Number of protein chains: 2
Amino acid sequence: MIAPDDRGFTLGHGLFETILWSGGGLRHWPAHMARLTKGCEALGMPAPDAEACEREARGALAALPDGTMRAAVRINWSAGPGARGLDMPAVPQPALSATAAPAPASRGSVRLHTSTIRRNDTSPASRLKTLAYLDNVLARGEARAAGADEALMLNTAGQIACAAAANVFWIKGGVIQTPRLDCGVLDGITRGRVLEACSERGWAVVEVRVGIEKLRGCEGLFLTNSLQGVRPVSVLDGEPIAQSPLVETLAALVANG
Amino acid sequence: MIAPDDRGFTLGHGLFETILWSGGGLRHWPAHMARLTKGCEALGMPAPDAEACEREARGALAALPDGTMRAAVRINWSAGPGARGLDMPAVPQPALSATAAPAPASRGSVRLHTSTIRRNDTSPASRLKTLAYLDNVLARGEARAAGADEALMLNTAGQIACAAAANVFWIKGGVIQTPRLDCGVLDGITRGRVLEACSERGWAVVEVRVGIEKLRGCEGLFLTNSLQGVRPVSVLDGEPIAQSPLVETLAALVANG
C-alpha cells in the first residue's frame, strides 16, 4: 500500500517503468533500469537498487493467475513521504512498488486522433515516464470520445511529439522518421530498438522536428511501445493512412513474442 | 492508505484541495467544495459527497497535536483503482482521503524566480489542483536552486500565468492586474476574494493576458493562496520589486487569522 503522504500520490513526484514479461523473462530489463536511473536525476531522487526492483517485479509476477504467459510489470519509484507542500524533503525516502497484470499481445491497427492537449516539451517530465501522467489520460479520453483508440500529441510549438502511451514513427519518401527527443518525447525503448534495427540495415531513418502537415501523404504511420511493440496506424483524424509492408517488417524485427 | 493501483498514484488522475483551518473553522469550505466538484467534470469523475469530505477533514484534524491553532487540511479525491493503462475504468470508484498538518501563518516577503518550465495552458489540468503536480514541483526546485523561494511560471505562449503554488497579481499605473484563467491558471479562492474585494471598493482591477515584460516598473507584485493569503514579492529574478502599501491593505482584507 502507498502512504497517503507519498509524494507520488500527492504530487505525481516519481517515475515508473512498464516492462513486458514474456517467455519467462523481463524483456529489455537493463534498458528499463537505465532509463529509470537516468530519470531520477531530473526529479531530484536517488536511483533505485536494480536488484530490489527485480525482486519487487518477481513478487508481483508470482501473484498472477497460473498459466499467465505474457504480462505487463509496472515498477513505481515514487519520491516517498514528505512534509506538506512542493519542496523536496531534505532526505528523500523514495518508495518502491510493483504491480503485474496479464497483457495479451495486441492485434490489429490503431485509429489515432490528434489531441487538443499539447505535450509540454518545456518540462523535463515530457521526456520521462512520471507518476504525473494526467495529460496523457486526458488526451486518451479525448481520443476515445472521438471514436479513436489513441491520441496523437503535438508539442507546444505544434510539432509532432508522440501518442499518449507510445512513440510515433512514419514513412515518407521511403525514409523512416520519428520526432526528436527534444520535441517532448519519451526516450522509448522500442523507439530505440527500431532506430537501431533500421541503422543496422542501412535503411534511411531520421529524427525530426516537424509539424503535423508532414504526415500528409505518408506511406505508413506506426506506434511503438514496450508492451505492444510496433502497431500500424490505420486512421488519423478520420482519414485513412496508407499501409506499408515495411511496418510489418519492423514489427517482426522488434517482436518480443 | 492508498491502493497501489489507485490512478491517483499511478497516473496523477485525481484532484485535491488545500483548506486553511483556523479559528476552529475550515475556511471558505463551500468554495473549496464547489471547485472540487467542478474539476471532477474535466477529469471524468463523479463529484465527492461534501459531507463525507468534511468527515474526512475533521478526522485528519483530530489527529493533530493538542494546541494546534492553524492547520492545512488536504482533501484528495483520486480516480481510484483501475485496470492497467490510461483508459478510464467503466465504473469509476474514486477514493477519498485527507491529511492535516500544522501551518503557521507566513511572514515576510517572497523572492520569485522565473521558471524555464511553462504552464501547459493547453491542458484543462492547468486550471485545476490535480494529483499530477510534478511541473510545479520541478519549477519550485529550480527556484530553490536559484536561491529564491517560489517560481513564477509563464504559459506556453510566454504570458504570465502563476506561481508554483499561488496566483500572482501586480499593480501598475494604479491598476491591480492578474492573469486571466485561460492563461493556464488555477481559479484560486483567494484570487477570487481579492478580485471581489477590489471590485466592491471600486478599485481598478483587470484580468489580462500579457508577457512578463509588463512587470517591469510595476508598483507592487504579490502572490495569493488559501494557506498564506496575500504575500508581497520582494525580488523577481534577482531584481528588487517596488513595495506598495496597497498590498498590505489587500492582505488585511482577505486575512483569515
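How many cavities of 30 Å³ or more does a search of the whole structure find?

Guide: The search finds five cavities of 30 Å³ or more. This is a predicted model, in which local features need pLDDT of at least 70, side-chain atom pairs count only at pLDDT 80 or more, and totals for chains, interfaces and linings use all residues. Residues are numbered from 1 along each chain as its sequence is written, chains are lettered from A and ligands numbered from 1 in the order in which they are written, and side-chain values use heavy atoms, with hydrogens and water left out.

A cavity here is a set of points, on a 1 Å grid over the protein atoms alone, where a 1.4 Å probe fits but cannot get out; lining residues have an atom within 4 Å of a point. Two or more lining residues come from each of α4 (134–145) of chain A and α4 (134–145) of chain B; helices are DSSP runs of H or I, at least four residues, numbered from the N terminus.

As for the chains themselves, 49 residues of chain B are in contact (heavy atoms within 4.5 Å) with 49 residues of chain A. The copies meet through the same surface, because 100% of the interface residues of chain B are also interface residues in chain A. The model scores ipTM 0.96 and pTM 0.97.

How values were computed. On a 1 Å grid over the protein atoms alone, a cavity is a set of points where a 1.4 Å probe fits but cannot get out, and a pocket is an open set with protein on both sides within 12 Å along at least five of seven lines; lining residues have an atom within 4 Å of a point. Grid points are joined across faces, edges and corners, and a volume is the space filled by probe spheres set on the points.
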